[in-house]
Amino acid sequence: MKKTTKLKQMLHSNELGFLMEAHNGLSAKIVENTGFKGIWASGLSISAALGVRDNNEASWTQVLEVIEFMSDATNIPILLDGDTGYGNFNNMRRLVRKLEQRGIAGVCIEDKLFPKTNSFINGEAQPLADIDEFCGKIKAAKDAATDPDFIVVARVEAFIAGWGLEEAVKRAEAYRQAGADAILMHSKRADATEIKAFMEVWDNRHPVIIVPTKYYSTPTEQFSEWGVSTVIWANHNVRAAIKAMEQVTQKIFTDQSLINVEGNIASVSHIFELQGAEELKEAEKKYLPAYGQQISAVILAASQGEDFDTLTTQLPKTLLSVNNKSIFDSQVELFNEAGVKDIIAVRGFGKEHFKQSNITFIDNDCFNESKELYSLNLALNNVKDSMIVSYGDILFKPFILNELLTSESAITIIVDSDVDYTKTGYKDYILATEKYDRRKFNQKAFLKNMSNGINSENVDGEFIGLCKFTATGLTYLKNAIRILSEIKPLEEIRFSEVLTYLAKEHAVSIKYIRGSWIDVDNVIELQKAGEI
């Protein structure tokens, strides 16, 4: 349904409708997400957000730019506070054409003189427009509209200017006959007696909109009983934003720290959500020929984790938080930033806690009886071309991922040459064709053996759980899995065994690093992980 039609139906509905103020694209999106069916693009609020007075100091083209962003950000109708129409009938016609081009559902114009002054500032001293001239402006607006459902609302300022009920009714009726789709009856009294008196005389002859900014204590049910069509909450988002910004800014200024505000403000991720970041990710997959686009990332995240006290009683260790972000989410973010958008995650323990979007999840329900290779094999049918494999409990610097992405070898593994040899726990120690030499730029070395049982004097480094297979390497891997699974059950085969087998048949290239990663296997390493 068109936005104009939605607004028209709201005005003529038997139920009381509500328009909530917004003043930019972000606030408009918040209004829509909250559940409101329409937006009031407040002239006061837009002016305030631009840092100018509500006296037509912001030009109509500047207002157009703001509401274009508001319209693009939302799917609900917007009624623009068009002040006096920014001039005479000719300005009015051009305004309507430009509003229609931007998908704005309607405009409200007030019967005062250009440039306008806000109704709550010395309203009695403000002269009203000539009735015939203002009727001509309404007719011009309706004639200029190409959409028959485009809404023109006439705002009556008679009460504001102190002219009384008779003048208010007289003007409202003239504007109705001139073609206005609704009447906005304005009042700045602290009670709603003027509005009630008008509604009794008006007798439901045409939709009426009200703005109870001053008479906010009047029960909303009363408006419905009087026959009001629509209520505008006119400036409360900008007022709330000002209050919040003043408080937060003062707190940061006083404390010279963020410690007392960070938990009380919106997260950056929520900003991304309001901006539609997830839609962009999906669009990038479809349209953007970015580097890394044709490669899949497989995250092996099925294990529970043992040495974490009670932290992994329900959550798998990959979902433990480091610097306010889970290990898993940190990996996903690194892959996305590198252009790797096709992410496959093999989950097992606590699989119900994985809530991330834009990820293909594969379930390993045998996670207690199987090792990494079993999980990887479950994911292989979902890999499109080439792939990066990452253990789900590691954190690493972005440059390490770049090392993989720039490698042209069929199989490439990342090895830390600064190995911390220990006999406790399982480690993927490696024996290489050439030890790491910092003097050699882009040193070429290849895997000979990977095992937990290599003697300390022979160890050339530790496989960190991050590697890459090109399309050719993927073929080698699948063939190796097939052969080894004929020797012993797939559930019992370690990934290190497959890599060792591949190293005997093909060149498994090593990219050496020195630190800049961590394998989070216990509480102590979880605490250290924040430094990565």
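The second largest pocket holds about 840 Å³ of space. Of its 22 lining residues, F272, E278, K281, E333 and N336 are the closest to its centre. The model is predicted: local features need pLDDT of at least 70, side-chain atom pairs count only at pLDDT 80 or more, and totals for chains, interfaces and linings use all residues. Residues are numbered from 1 along each chain as its sequence is written, and side-chain values use heavy atoms, with hydrogens and water left out.

**The second largest pocket**

- A pocket is an open set of points on a 1 Å grid over the protein atoms alone, with protein on both sides within 12 Å along at least five of seven lines. A cavity is a set of points where a 1.4 Å probe fits but cannot get out. Lining residues have an atom within 4 Å of a point.
- Grid points are joined across faces, edges and corners, and a volume is the space filled by probe spheres set on the points.
- Helices α11, α12 (277–287) and α13 (327–337) each supply at least two residues of the pocket lining. Helices (H or I, at least four residues) and strands (E, at least two) are DSSP runs, numbered from the N terminus.
- Helix α12 gives the most to this lining, with six residues.
- By class, the pocket lining has six nonpolar, six polar and 10 charged residues. Ala, Val, Leu, Ile, Met, Phe, Trp, Tyr, Cys and Pro count as nonpolar, Asp, Glu, Lys and Arg as charged, and the others, Gly among them, as polar.

**A nonpolar surface patch**

- V268, I271 and F272 make a nonpolar surface patch of about 270 Å². Patches are made of residues with over 30% relative accessible area and no salt bridge; like charges are joined within 9 Å, nonpolar side chains (Val, Leu, Ile, Met, Phe, Trp, Tyr) within 5 Å.
- Accessible areas come from the Shrake-Rupley method with a 1.4 Å probe; for residues, only the protein chains shown count as cover.
- V268 lies in helix α11 (residues 268–275). V268 counts as partly exposed because its relative accessibility is 49%. Buried means under 20% relative accessible area, exposed over 50%, and partly exposed in between (1.4 Å probe, protein chains only).

**Cavities**

- There are two cavities of 30 Å³ or more.
- The second largest cavity has a volume of about 60 Å³.
- The residues lining the second largest cavity include S42, I46, D54, D83 and Y86.
- Helix α3 (residues 43–50) gives the most to the lining of the second largest cavity, with three residues.
- By class, the lining of the second largest cavity has four nonpolar, four polar and two charged residues.

**Salt bridges**

- The structure holds 30 salt bridges. A salt bridge is a side-chain nitrogen of Lys or Arg within 4 Å of a carboxyl oxygen of Asp or Glu.
- K137 and E133 meet in a salt bridge (3.9 Å, N to O). Both lie in helix α6 (residues 131–144), four residues apart, about one turn of the helix. K137 is buried, with a relative accessible area of 3%. E133 is partly exposed, at 36% relative accessibility.
- E173 pairs with R205 in a salt bridge, their closest N and O atoms being 3.0 Å apart. This pair links distant parts of the chain, 32 residues apart: E173 is in helix α7 (residues 165–178), and R205 is in the loop between α8 (193–202) and β7 (208–210). E173 is buried, at 14% relative accessible area, whereas R205 is partly exposed, at 34%.
- D255 and K251 form a salt bridge (3.6 Å, N to O). Both sit in helix α10 (residues 236–255), four residues apart, about one turn of the helix.
- Elsewhere, salt bridges that share partners join D81, E110, K112, R155 and E157 into one network.

**Positive phi values**

- Most residues other than glycine have a negative phi.
- D203 is not a glycine, yet has a positive phi of about 60°. D203 is found in the loop between α8 and β7. It is exposed, with a relative accessible area of 58%.
- N358, also not a glycine, has a positive phi near 60°. N358 lies in the loop between β12 (342–347) and β13 (360–363). It counts as partly exposed, at 27% relative accessibility.
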